[in-house]
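Trainee: I am new to this one and would like to go through it step by step. Please show me what we are looking at, and then let me ask my questions.

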Amino acid sequence: MHIAEGFLPPAHAVAWGVASAPFVVHGVRSLTREVREHPESTLLLGASGAFTFVLSALKLPSVTGSCSHPTGTGLGAILFRPPIMAVLGTITLLFQALLLAHGGLTTLGANVFSMAIVGPWAGYAVYKLLRRSNAPLMVAVFAGAFVADLSTYCVTSVQLALAFPDPGSGFLGALGKFGSIFAVTQVPLAVSEGLLTVLVMRLLVQSSKGELTRLGVLLAKKQSRTETEAVAR
C-alpha cells in the first residue's frame, strides 16, 4: 500500500521526508547526467517510469482488508541503477497523490523511502549478486523485481509499526501484525511482478540490444550473443 494522506504522525512524516531527500537529490543529478550524456536513453527512461506508474497504481484488495499493489521499480533499477529510480519513483508517487488520491503529500517522504529507495536498492543488490554469481539474466531479473516489490512492503510495515506500536507488545508486536496483513497478498504479487518484469526484459533484449549493452545489462560481443540465444530458447 501507499501510506494514506495524514495517516502518519507529523514528526514521522517529516523524518521520512528528510531521510528520503538526499537520495532524491543524488538521483536528480544522476538522471540529469544520463540524459545529457545519452539523450537516446530518454525513451527507455520514460518507459521505465510508465511501467512503475501503471503497476503501482493498481490497487488490489487484500484478503486481510487492506490494499496492495505491485511497485514496478525493479525494472528501472536494473536498467538505470537505483539513484535514477529514486527520481522516477518520486515523480510517480507525487502524480499518484495529486491525481489518484493514492498515497498523499504528507506521507510522500515515507512512501518514497519504501518504494523508490529501499525497494530499488534491495532489488538491484540481489540482481547484481546473482549476475556476479553467473546466474542467467532472466533469473536475476526475476529475483531483483521480486525483492524490490517485497522489500517495499517490509519497510512499510516497519514505518507503520514505528508510528503505531502495539499497546502490549510494542514495536515488534505491531510489526508482526502489519507484516502479516501484507504478506498473504504481497508474496504472490511479488512473484507476478517478477514474471512480468522478465517478460518485459525479454522484449527489450530483442528490440533494444544495443542500449541494454551500453547499460551493462547485456555483456558485449560474444557474451551478449550467448545471453540473447539463451533468452530465445
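Mentor: Let us begin with a word we will need: a residue is buried under 20% relative accessible area, exposed over 50% and partly exposed in between, with a 1.4 Å probe and protein chains only. This is a predicted model, where local features need pLDDT of at least 70 and side-chain atom pairs count only at pLDDT 80 or more, while totals for chains, interfaces and linings use all residues. Residues are numbered from 1 along each chain as its sequence is written, and side-chain values use heavy atoms, with hydrogens and water left out.

Trainee: Is Leu160 buried or exposed?

Mentor: Leu160 belongs to helix H6; helices here are DSSP runs of H or I with at least four residues, strands are runs of E with at least two, and both are numbered from the N terminus. The relative accessibility of Leu160 is 1%, so this residue counts as buried.

Trainee: How many Å apart are Leu160 and Phe7 in space?

Mentor: In sequence, 153 residues separate Leu160 from Phe7. From C-alpha to C-alpha, their separation in space is 9.2 Å.

Trainee: Which way do H5 and H6 run relative to each other?

Mentor: H5 covers residues 108–132 and H6 covers residues 137–163, and they pack with axes 7 Å apart at an angle of about 150°. Axes are lines fitted to C-alpha atoms, for helices over the stretch in contact, and angles run from 0 to 180 degrees between N-to-C directions. Under 35 degrees counts as roughly parallel, over 145 as roughly antiparallel, 65 to 115 as roughly perpendicular and the rest as oblique. The two helices, H5 and H6, are therefore roughly antiparallel.

Trainee: How many nonpolar residues are in the contact of H5 with H6?

Mentor: Nonpolar means Ala, Val, Leu, Ile, Met, Phe, Trp, Tyr, Cys and Pro; charged means Asp, Glu, Lys and Arg; the others, Gly among them, are polar. The contact of H5 with H6 has one charged residue and eight polar ones, and its nonpolar residues number 16.

Trainee: What is the handedness of the crossing of H1 and H5?

Mentor: H1 spans residues 10–37, and its axis comes within 8 Å of that of H5, crossing at roughly 45°. That angle makes H1 and H5 oblique to each other. A crossing is left-handed if the near helix is turned anticlockwise from the far one by less than a right angle, and right-handed if clockwise. The crossing of H1 and H5 is left-handed.

Trainee: Which residues of H5 meet H1?

Mentor: Contact means heavy atoms within 4.5 Å. On the H1 side, the residues are Trp16, Gly17, Ala19, Ser20, Phe23 and Val24. Their partners in H5 are Gly109, Ala110, Val112, Phe113, Ile117 and Trp121.

Trainee: How many residues of H3 are buried?

Mentor: Thr73 lies in H3, which covers residues 73–80, and counts as buried because its relative accessibility is 0%. Beyond four places in sequence, Thr73 touches Thr52, Met85, Met115, Gly119, Pro120, Ala148 and Glu193. H3 is mostly covered, and its buried residues number eight of eight.

Trainee: What is the phi of Arg81?

Mentor: Arg81 sits in the loop between H3 and H4. At 31% relative accessibility, this residue counts as partly exposed. Arg81 is not a glycine, yet its phi is positive, at about 80°.

Trainee: Is Ala101 buried or exposed?

Mentor: Ala101 is placed in the loop between H4 and H5, and its phi is near 55°, a positive value in a residue other than glycine. Its relative accessibility is 62%, so Ala101 counts as exposed.

Trainee: How many Å apart are Gly216 and Ile78 in space?

Mentor: Gly216 is in the loop between H8 and H9. Ile78 is one of the buried residues of H3. Although 138 residues apart in sequence, Gly216 and Ile78 have C-alpha atoms at a separation of 9.4 Å.

Trainee: How far apart are the end C-alpha atoms of residues 181–205?

Mentor: An unreviewed UniProt entry gives "transmembrane region" for several spans, including residues 181–205; its positions are in the numbering used here, feature names are shortened, and annotations may be inferred rather than shown by experiment. In the model, residues 181–205 are 100% helix and 0% strand, with their end C-alpha atoms at a separation of 37 Å.
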